[in-house]
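Thanks, everyone, for making the time this morning.

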Amino acid sequence: MVARFIGVEDLGKYTFALGFTTMFAVFIDFGLTQTLIRETAKFKEKVENYVSSIIGVKVVFSIVIYLAVILLVNLMGYPAITKQLVYLAGIIMLIDSFTLTLWGIFRGARNLKYESISIVINQAIILGVGLTVLFLGLPLHYLMLPFLLGSAFSMLFAFFSTRKVLKLNYKITWNNRILKTLFKISLPFALIAIFSRIYGYIDSVMLSKLIGDSAVGWYSVAMKIPFALQFIPAALAAAIFPAFSHLYVTDKLKLKQTFDRGMKFLAILVLPISFGIAVLSEPIILTLYGNDYSPAIEPLSILMIGLFFVFMNFPLGSLLNSCDRQVTNTKLVGITMVFNIILNIFLIPAYSFVGAAIAFLISHGFLFLASLFIARRIIPYSKRHLLSVIVKTGISAFVMAVVLFYLNDFINFVILIPIGAVIYFIVLFAIKGMTIRELKILISVILKRK
């Protein structure tokens, strides 16, 4: 809706502001929330002291980072409207950082219920207020209002939930002893987050400076779909990270089984999505966004292929971080970041936003292969079994894609989606890529039934 109402150039400014501030959010959190989740999953009695100290240090970090964002966007010479958008997005960044820590308490306790409720309401606020701003035709900077209100609600909901549900009595403190311990653990997490954010958003910043706002607008439309779908592996990662931490010290066999099952289920889910949207990218872009965004068709197809690696990297990263391999994971993500920047330096000037999409695909593929190699040192997963899973799900998704390709000219893509899903699962069961028992387990996981 935003893309249709404000046009390509304004969409470029809007998405740049959100992406630019998102890169700096990791410097406020500095890996402390991941540390909180992992440590409180092991030592529940320390949660109040940890949270109080983290909130205290985040107050200081928030002031410093927000001022840095303001200074940098002014030094980069952006127009007034872009700077206004960045200022507002920066406030949202600060609120979200504190909310992240509060939900980290629940994640450490392996309770995602209240965060899930908050997310649903948060998105409803963003949708409702956002549509109101669009239909009233308010100036561009008002499009930050939906996020501001949604983030404010989430922080308040998280604050009262931790107080009422978990009965925690934390406050703003500065305990040097606790902070020293936390920062020692959080440094690798912080570097991972910093590296990930940079290689996740540097393409938009580089497109903005090297090509222009229109290129950012087209690329953001293509990126929006795979980015939105990342909630699937992110939700799984949120659930299995504390579980991995617990099983690593209590039950290595169950750790392997949990990892194997997570990888298989993600492969089963992501490959038909990747193949399907890649084949249907043209009708999806033209129907949802309009002819003005037709240049986004090609990068969307490329990004959807890369989505497979994005999905699979979530449990791999969680495994390394939860099993005391966060330093190794930091090095991997750091190398990937440098590799991604180099690719963008060469590909963006030559191929614009298509080059950025190619860099995305290659970078995430590299991280996947490197992480798989390291994970083998933690748990003896079966390479043959994993390869069999990928091959069988890949064959099923390919057959589905071929059918969709030939039907695309005759049937609306909305109708093709359920048709594709049926074809995919028929082939998957036929070649024994999935059993009825595994399907029941997958459904029970989705529905949270036991």
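Let me begin with a question: at what angle do α1 and helix α3 pack, and how far apart are their axes? Before I answer, please keep in mind that this is a predicted model. Helix α1 and helix α3, the latter spanning residues 47-75, pack at an angle of about 150 degrees, and their axes are 9 Å apart. Since angles over 145 degrees count as roughly antiparallel, α1 is therefore roughly antiparallel to α3. The crossing of these two helices, α1 and α3, is right-handed. On the α1 side the contact is made by F20, T21, F24, F27, I28 and D29, while α3 contributes K58, F61, S62, I65, V69, L72 and V73. Sorted by class, the residues of this contact between α1 and α3 come out as 9 nonpolar, 2 polar and 2 charged.

The contact involves A215, W218, Y219 and M223 from α8, facing S352, F353, A356, A357 and F360 from α13. In terms of class, the contact of α8 with α13 has 8 nonpolar residues, 1 polar residue and no charged ones.

Turning now to the aromatic pairs, a search of the whole structure finds 21 of them. In one of these, the rings of F5 and F135 have their centres 5.2 Å apart and their planes at 80 degrees, so the pair is edge-to-face. This pair links distant parts of the chain, with F5 in helix α1 (residues 2-29) and F135 in helix α5 (residues 113-136), 130 residues apart. As for accessibility, F5 is partly exposed, with a relative accessible area of 40%, whereas F135, at 59%, counts as exposed.

Another pair is that of W103 and F157, whose ring centres are 6.1 Å apart and whose planes stand at 45 degrees, so the pair is tilted. It also links distant parts of the chain, since W103 belongs to helix α4 (residues 80-108) and F157 to helix α6 (residues 145-164), 54 residues apart. Within this pair W103 counts as buried, at 5% relative accessibility, while F157, at 21%, counts as partly exposed.

Technical notes: Residues are numbered from 1 along each chain as its sequence is written. This is a predicted model: local features need pLDDT of at least 70, side-chain atom pairs count only at pLDDT 80 or more; totals for chains, interfaces and linings use all residues. Side-chain values use heavy atoms; hydrogens and water are left out. Rings of Phe, Tyr and Trp (its six-membered ring) pair if their centres lie within 6.5 Å; planes under 30 degrees apart count as stacked, over 60 as edge-to-face and the rest as tilted. Helices (H or I, at least four residues) and strands (E, at least two) are DSSP runs, numbered from the N terminus. Buried means under 20% relative accessible area, exposed over 50%, partly exposed in between (1.4 Å probe, protein chains only). Axes are lines fitted to C-alpha atoms, for helices over the stretch in contact, and angles run from 0 to 180 degrees between N-to-C directions. Angles under 35 degrees count as roughly parallel, over 145 as roughly antiparallel, 65 to 115 as roughly perpendicular and the rest as oblique. A crossing is left-handed if the near helix is turned anticlockwise from the far one by less than a right angle, and right-handed if clockwise. Contact means heavy atoms within 4.5 Å. Ala, Val, Leu, Ile, Met, Phe, Trp, Tyr, Cys and Pro count as nonpolar, Asp, Glu, Lys and Arg as charged, and the others, Gly among them, as polar.
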